[in-house]
Amino acid sequence: MTELENIKGARSQRLPREARRRQLLQAAHQVFVAHGYHRASMDEIAEVALVSKPVLYQHFPGKRELYLALLDSHLADFSRQLDEAIESTTDNRQRVFATINTYYSYIKGESQAYRLIFESDVLSDALIAGRIEKFNNALATSIARVVVQDTDMSEAEGLLAGRALAGLSQVSARYWASTDEEVDQSTAVDLISRLAWRGISQFPKET
């Protein structure tokens, strides 16, 4: 039984605010994945969550605010996983592998969340685009920090390299997922990480 089902089962009880918020976000996730942003409705989200519309509006004043809260939740989770990958070792070659592997694992295990982040039908919305740009910039900055430490790249060059590595991870992982994993994950990650590392390793720090 899922967490949402557990919460639904206790809908007659008065839930703590945070538990109710999680319930509503999980219901919203289901509806947005099924219908996209534009075709989703607050009526259906309330119905899926088994709450009244007034309860839903107590927590989220509108569909846009609800979508942004859901996006923030998914981005925070993905960012945490990527940060853990970057901090998992002091060996930069292994950092490259771990970061790319995290992208592939997230797309494989959290494909619905990933589509909401990067393949939404509302990416033209300035606030939503801004959230995703902030995520991309934070990841590139984290990569740049360790690249600059071990090379003679400037901060600006390191940030560009960070963007390139993040883009390589994202584009290759999305393509890999679309091919029904004709190449297994470990082989795909090894291939892409070796490609990335051979580029980064050409900039050793001069002593």
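**Entry 1: ground rules**

I am working with a predicted model, where local features need pLDDT of at least 70 and side-chain atom pairs count only at pLDDT 80 or more, while totals for chains, interfaces and linings use all residues. Residues are numbered from 1 along each chain as its sequence is written, and side-chain values use heavy atoms, with hydrogens and water left out.

**Entry 2: the whole chain**

I looked up the secondary structure and found ten helices and zero strands. Helices here are DSSP runs of H or I with at least four residues, strands are runs of E with at least two, and both are numbered from the N terminus. Along the sequence, I read the pattern as α-α-α-α-α-α-α-α-α-α.

Next I checked burial: 43% of the 207 residues count as buried. Buried means under 20% relative accessible area, exposed means over 50%, and partly exposed lies in between, with a 1.4 Å probe and protein chains only.

I also looked at contacts (heavy atoms within 4.5 Å). Among those between residues at least 6 apart in sequence, 66% join residues at least 24 apart.

**Entry 3: helix H8**

I turned to H8, which covers residues 126-150 and has 25 residues. From first C-alpha to last it reaches 36 Å, close to the 36 Å expected at 1.5 Å a residue; the expected span is 1.5 Å times one less than the number of residues.

At its N-terminal end I found a cap: a side-chain oxygen of Asp125 lies 2.9 Å from the backbone nitrogen of Leu127.

Which residues of H8 are buried? My list reads Ile128, Ile132, Phe135, Asn136, Leu139, Ala140, Ser142, Ile143, Ala144, Val146 and Val147. A reminder to myself on spacing: an α-helix has 3.6 residues a turn, so residues three or four places apart point the same way. The buried residues of H8 pack against helices H5 (63-86), H6 (92-109), H7 (111-118) and H9 (155-178).

Ser142 sits in H8 and counts as buried because its relative accessibility is 15%. Leaving aside residues up to four places away in sequence, Ser142 touches Asp83 and Ile86.

**Entry 4: helix pairs**

I describe each pair by axes, which are lines fitted to C-alpha atoms, for helices over the stretch in contact, with angles from 0 to 180 degrees between N-to-C directions.

How do H6 and H8 cross, and at what angle? Their axes come within 11 Å and cross at roughly 165°. That makes H6 roughly antiparallel to H8; the classes are under 35 degrees for roughly parallel, over 145 for roughly antiparallel, 65 to 115 for roughly perpendicular, and oblique for the rest. On the H6 side the contact is made by Asn92, Arg95 and Tyr103, and on the H8 side by Phe135, Leu139, Val146 and Asp150.

H6 and H7 pack at an angle of about 105°, with their axes 5 Å apart. That makes H6 roughly perpendicular to H7. I noted Tyr103, Tyr106, Ile107, Lys108 and Gly109 of H6 in the contact, meeting Ser111, Ala113, Tyr114 and Ile117 of H7.

For H5 and H7, I have axes that come within 10 Å and cross at roughly 115°. H5 contributes Tyr67, Leu70, Leu71, His74, Leu75 and Phe78 to the contact, and H7 contributes Ala113, Tyr114, Leu116, Ile117 and Phe118.

**Entry 5: two single residues**

I found Val96 in H6, where it counts as buried at 5% relative accessibility. The C-alpha atoms of Val96 and Ala85 are separated by 8.7 Å, with the two residues eleven apart along the chain.

I placed Leu50 in the loop between H3 (42-49) and H4 (53-59), and at 39% relative accessibility it counts as partly exposed.

Technical notes. Polar contact = N/O pair within 3.5 Å; in protein donor to acceptor, adjacent residues only side chain to side chain.
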